[in-house]
Amino acid sequence: MLALTQVPRLLSLAPQPAPIGGPFTLTNQAGQTVGDADFHGKLMLVYFGYSYCPDVCPTTLNQMMRAYASLPPEQQAQIAPIFVTVDPERDTISQMDQYVTSFSPALIGLTGTPEQVAAVERGYHVYARKSGSGENYLMDHSSIIYLMGKDGRFLRHFDGDAKDQVIADGLRQALHS
Ligand code: NI
């Protein structure tokens with residue numbers, strides 16, 4: 001049994017939930033090394049998935065980029081829409097280039113070494129796991145769109161199945177606050 005005087009001390013030692021986001025180093029679809037700091041000054045709209053995803057990723061990326069496209073150019077200029085692969089094995093730089101370009105020239109595709117990808121997944125609390133074997137494996141993965149502030153800090157998220165209107169409203173709100 002705990003003496004009452006011990007309680008406040010124990011509470012202060014309770015683990016705090018780790019903040020979402022943080023530093024990362026990855027490679028964009030042009031083969032350039034990029035880090036989180038390269039996007040500071042813009043809102044980052046970040047989605048994790050993989051280019052071989054049969055259904056969820058294409059749907060989400062379409063909604064995300066439709067929301068982005070609905071904003072006026074001066075607002076678009078303040079937002080970096082980013083797709084980070086959870087499948088660096090197959091999502092090479094050229095594969096990412098083809099994939100993100102099919103959605104929008106504005107979409108930034110990021111891949112990296114398995115270690116770099118694992119690190120950014122940890123930072124964003126992303127769940128991703130290989131499902132099946134052979135070259136046609138799938139990836140089970142969480143489906144959340146993260147909105148990060150211009151200072152790189154987590155602002156809010158959108159569910160992966162959020163409609164473009166909901167995402168666009170959230171972006172406008174974040175830009176005005
Ligand atoms: Ni997917």
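Buried here means under 20% relative accessible area. Select Val117: with a relative accessible area of 2%, this residue is buried. The model is a predicted one.

**Stop 1: Val117 and its surroundings**

Stay on Val117, which lies in helix α5. Show its contacts, skipping neighbours within four places in sequence. Val117 touches Leu26, Thr85, Val86, Pro88, Thr111 and Gly112. Now pick Pro88 from that list. The C-alpha atoms of Val117 and Pro88 are 7.2 Å apart in space, while the two residues are 29 residues apart in sequence.

**Stop 2: the whole chain**

Zoom out and colour by secondary structure. The chain has six helices and nine strands. Its C-alpha atoms fill a box of roughly 65 × 45 × 30 Å along the principal axes. Of the 177 residues, 44% count as buried. Next, consider contacts between residues at least 6 apart in sequence. Of these, 67% join residues at least 24 apart.

**Stop 3: the nickel ion**

Select the nickel ion. Which protein atoms are its donors? They are SG of Cys53, SG of Cys57 and NE2 of His141, at 2.1 to 2.3 Å from the ion. Along the chain, the donors follow the spacing C-x3-C-x83-H. Colour Cys53 and His141. Cys53 lies in the loop between β3 (43-49) and α2 (56-69), and His141 lies in strand β7 (residues 138-141), so the pair ties together parts 88 residues apart in sequence.

- Cys53 is buried, at 8% relative accessibility.
- Cys57 is buried, at 0% relative accessibility.
- His141 is buried, with a relative accessible area of 16%.

A search of the whole structure finds zero.

**Stop 4: aromatic pairs**

Show the rings of Phe, Tyr and Trp. How many aromatic pairs does the whole structure hold? The search finds seven. Two of them get a closer look here.

Take Tyr47 and Phe83. Their ring centres are 6.4 Å apart and their planes meet at 20°. Planes under 30 degrees apart count as stacked, so this pair is stacked. Tyr47 is in strand β3 and Phe83 in strand β4 (residues 79-85), so to trace the link you cross 36 residues of sequence. Tyr47 has a relative accessible area of 0% and is buried. Phe83 is buried too, also with a relative accessible area of 0%.

Move to Tyr124 and Tyr146. This aromatic pair is edge-to-face, with 5.3 Å centre to centre and 80° between the planes. Tyr124 lies in the loop between α5 (114-123) and β6 (128-131), and Tyr146 in strand β8 (residues 144-148), so the pair ties together parts 22 residues apart in sequence. Tyr124 is buried, at 1% relative accessible area. Tyr146 is buried, at 3%.

**Stop 5: charges over rings**

Select Arg90 and Tyr52. Arg90 lies over the face of Tyr52, at 4.4 Å from the ring centre. Then select Lys130 and Tyr137. Lys130 lies over the face of Tyr137, at 4.3 Å from the ring centre.

**Stop 6: helix α4**

Select residues 93-103, which make up helix α4. Look down its axis. Which of its residues are buried? They are Gln95, Met96, Tyr99, Val100 and Phe103. An α-helix has 3.6 residues a turn, so residues three or four places apart point the same way.

What does the buried side meet? The buried residues of α4 pack against α2, β4 and β5 (108-111). The face turned away from the buried side carries the exposed residues Ser94, Gln98 and Ser102.

**Stop 7: Gln75**

Finish at Gln75, in helix α3 (residues 73-76). Gln75 counts as buried, at 10% relative accessibility. Show its contacts, again leaving out neighbours within four places in sequence. Gln75 is in contact with Arg172, Leu175 and His176.

Conventions: Residues numbered from 1 in each chain as written. Predicted model: local features only at pLDDT ≥ 70, side-chain atom pairs only at ≥ 80, totals over all residues. Heavy atoms only, no water. Donors = N, O, S within 2.8 Å, 3.2 Å for Na, K, Ca; no water. Helix = DSSP H or I, 4+ residues; strand = E, 2+ residues; numbered from the N terminus. Buried < 20%, exposed > 50% of the residue type's maximum accessible area, 1.4 Å probe, protein only. Disulfide = S-S within 2.5 Å. Contact = heavy atoms within 4.5 Å. Phe/Tyr/Trp six-rings, centres within 6.5 Å; stacked < 30°, edge-to-face > 60°. Lys NZ or Arg CZ within 6 Å of the ring centre and 35° of its normal.
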